[in-house]
Amino acid sequence: MSIPSASFLDTITPFSAPTKGKLDTENWFDPNHVTAIQSPVDEFRSNLAQINVLYLRADARGEYTSMLGSLVYLGMVSAAEGYFRSLLRRLILVDEACRHNASSRTLTYGAALHHAEDLLPEALLEGVSLANTKNVATELKTLCNISQMSKDGNVPAALERLFNNFESICQVRHCGIHRFGKLGSQQALRLGMDKHKPLLEKPLALTVLQLQEIAEALEALIRAVNSYCFADILKRTHSAGPTGKEKTKLYQDTWQLDWTQDQKRFNEYYDIFASVGGSQPSDPAANVYAAFMTFVTAYNAKK
């Protein structure tokens, strides 16, 4: 028996040269795509609906697999993260207080050089993961001054249960991204070792029903956060405005208390948060403005 040369060690797993020597990543994206003008919540709902079609059609054909379920799961969390990024970007562009908070953030030279002006706020968040409760709460607090949010990951009591579900969903997501779906000890500890210890190193095996439950939990969170932030920010535009009672004035413009005069400014906020079409659309802007005026009247009447 002849002794193989040392170079033989390099071929324990022989491989063929790929058909493409260098992958052309610039051809992987759609240069003709035109972004639809949607609110962040409607963008999320549209993305989630497209994701739902993937596994529901596969299930109807009898072709659903747990592998497909794992991939769909990652897409669902990505859609939720996309909502938070889009919301923060739009608010920085429109809201005076958010824009002021963002002005102290560091922006890379490359982003400043190449990004379109309306996309620059997105570059501020490129190094931030919004697939966990703490980071979402931190950004909503530091960029948008959302009340009852904190850098420690605290959220308003009304949203706590929804964010707890979100955190669990995000912890399981780590398994899909870093461990090909298998449950690691860190995630098991965060999810509860008492119940998850027998599942260590076991793969994710989501059913269609469980995916539907996850989609419902994410949509409930996004819609609730959307409503909470809208009310919190809109009220602040008056309370921290020139005629408001807060000591720190965050806004220069005053609401004129007349729909005709306020319509343009009000619609800038309404268009960020409103959901149109589909199930459970938002009330018309004029109706929401009337509710805002009810708040303003009550606020002004307080001593």
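Trainee: How many residues does the largest nonpolar core have, and which have the most contacts inside it?
Mentor: In this predicted model, the largest nonpolar core has 73 residues. Met76 and Phe266 have the most contacts inside it.

Trainee: Which element supplies the largest share of this core?
Mentor: H10 does, with 14 residues. Among the other elements that each supply at least two residues are H1, H2, helix H11 (259-273) and helix H12 (285-301).

Trainee: Let us stay with phenylalanine 266. Is it buried or exposed?
Mentor: Phenylalanine 266 is buried, because its relative accessible area is 0%, and buried means under 20%.

Trainee: Leaving aside neighbours within four places in sequence, what is phenylalanine 266 in contact with?
Mentor: Its contacts include Phe230, Leu234, Trp255, Trp259, Val288 and Phe292.

Trainee: How are the rings of tryptophan 259 and phenylalanine 266 arranged?
Mentor: The pair is edge-to-face, because the planes of tryptophan 259 and phenylalanine 266 are at 70°, and planes over 60 degrees apart count as such. The ring centres of these two residues are 6.1 Å apart.

Trainee: And what about the rings of tryptophan 259 and tyrosine 289?
Mentor: Their centres are 5.1 Å apart and their planes are at 50°, so that pair is tilted. It links distant parts of the chain, since tryptophan 259 is in helix H11 and tyrosine 289 is in helix H12, 30 residues apart.

Trainee: Why does tryptophan 259 count as partly exposed?
Mentor: Tryptophan 259 has 24% relative accessibility, and partly exposed lies between the 20% limit for buried and the 50% limit for exposed. Tyrosine 289, with a relative accessible area of 4%, is buried.

Trainee: Which residues do ring pairs link into a cluster?
Mentor: The cluster consists of Trp255, Trp259, Phe266, Tyr270, Tyr289, Phe292, Phe295 and Tyr299.

Trainee: What lines the second largest pocket?
Mentor: That pocket holds about 510 Å³ of space. It is lined by 19 residues, with Tyr73, Val172, His196, Leu204 and Leu206 closest to its centre. The lining divides into twelve nonpolar, five polar and two charged residues.

Key. Residues numbered from 1 in each chain as written. Predicted model: local features only at pLDDT ≥ 70, side-chain atom pairs only at ≥ 80, totals over all residues. Heavy atoms only, no water. 1 Å grid on protein atoms, 1.4 Å probe; cavity = no way out; pocket = protein on both sides within 12 Å on 5 of 7 lines; lining within 4 Å. Points joined across faces, edges and corners; volume = space filled by probe spheres on them. Nonpolar A, V, L, I, M, F, W, Y, C, P; charged D, E, K, R; others polar. Core = buried A, V, L, I, M, F, W, Y, C linked by side-chain atoms within 4.5 Å. Buried < 20%, exposed > 50% of the residue type's maximum accessible area, 1.4 Å probe, protein only. Helix = DSSP H or I, 4+ residues; strand = E, 2+ residues; numbered from the N terminus. Contact = heavy atoms within 4.5 Å. Phe/Tyr/Trp six-rings, centres within 6.5 Å; stacked < 30°, edge-to-face > 60°.
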